[in-house]
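User: Could you take me through one part of this model in detail? I would like a close look at a pocket and what surrounds the space.

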Amino acid sequence: MPLSAHHLRTSVAVSDIQRAVEFYEGRLGLRALWSGPSARIADGGRVYESGGGPALNVYQSVTAGTTAATLATWYVDDLDGIVDELTAAGVEFARYDGIEHDRKGITDRAGGGRIAWFRDPDGNTFAIEADA
């Protein structure tokens with residue numbers, strides 16, 4: 001049975017689920033579809049909706065923030081508008097040495113379009129991209 005026939009959900013480890021809830025719900029505006037146990041932590045997990053369905057699994061773990069790689073990317077139509085809204089909510093956009101960013105933290109994407117990166121409180125990296 002090929003995996004391409006099934007939905008995919010990104011999982012992200014966080015060190016403190018309550019601090020993560022403040023960030024993912026309070027700053028990013030994501031809606032939790034489910035909350036419950038994760039491993040041995042009674043209320044250590046959340047599943048967040050994005051794009052009309054479950055998309056992001058956040059769970060408490062000692063492995064939180066151990067990768068510098070981008071873990072998930074939202075594809076949007078109005079990158080400037082989303083960056084403005086998230087900045088107003090207290091999200092800080094990452095800037096990388098050797099890459100030119102505009103005043104908002106947005107940079108041109110390889111192959112066309114534009115991209116901006118931000119990190120959650122554990123240092124997990126996410127991106128927002130637009131084709132224009």
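**The second largest pocket**

Analyst: Happy to! The second largest pocket has a volume of about 210 Å³. On a 1 Å grid over the protein atoms alone, a pocket is an open set of points where a 1.4 Å probe fits, with protein on both sides within 12 Å along at least five of seven lines. Its volume is the space filled by probe spheres set on the points, which are joined across faces, edges and corners.

This is a predicted model, where local features need pLDDT of at least 70 and side-chain atom pairs count only at pLDDT 80 or more, while totals for chains, interfaces and linings use all residues. Residues are numbered from 1 along each chain as its sequence is written, and side-chain values use heavy atoms, leaving out hydrogens and water.

Lining residues, those with an atom within 4 Å of a point, include Leu8, Thr10, Leu30, Tyr48 and Trp74. Strand 3, strand 4 (53-60) and strand 5 (70-75) each give two or more residues to this lining, and strand 5 gives the most, with four. Strands here are DSSP runs of E with at least two residues, numbered from the N terminus. By class, the lining has eight nonpolar, three polar and one charged residues; Ala, Val, Leu, Ile, Met, Phe, Trp, Tyr, Cys and Pro count as nonpolar, Asp, Glu, Lys and Arg as charged, and the others, Gly among them, as polar.

For context, the largest pocket holds about 250 Å³ of space. Leu30 and Trp74 are among the residues nearest its centre.
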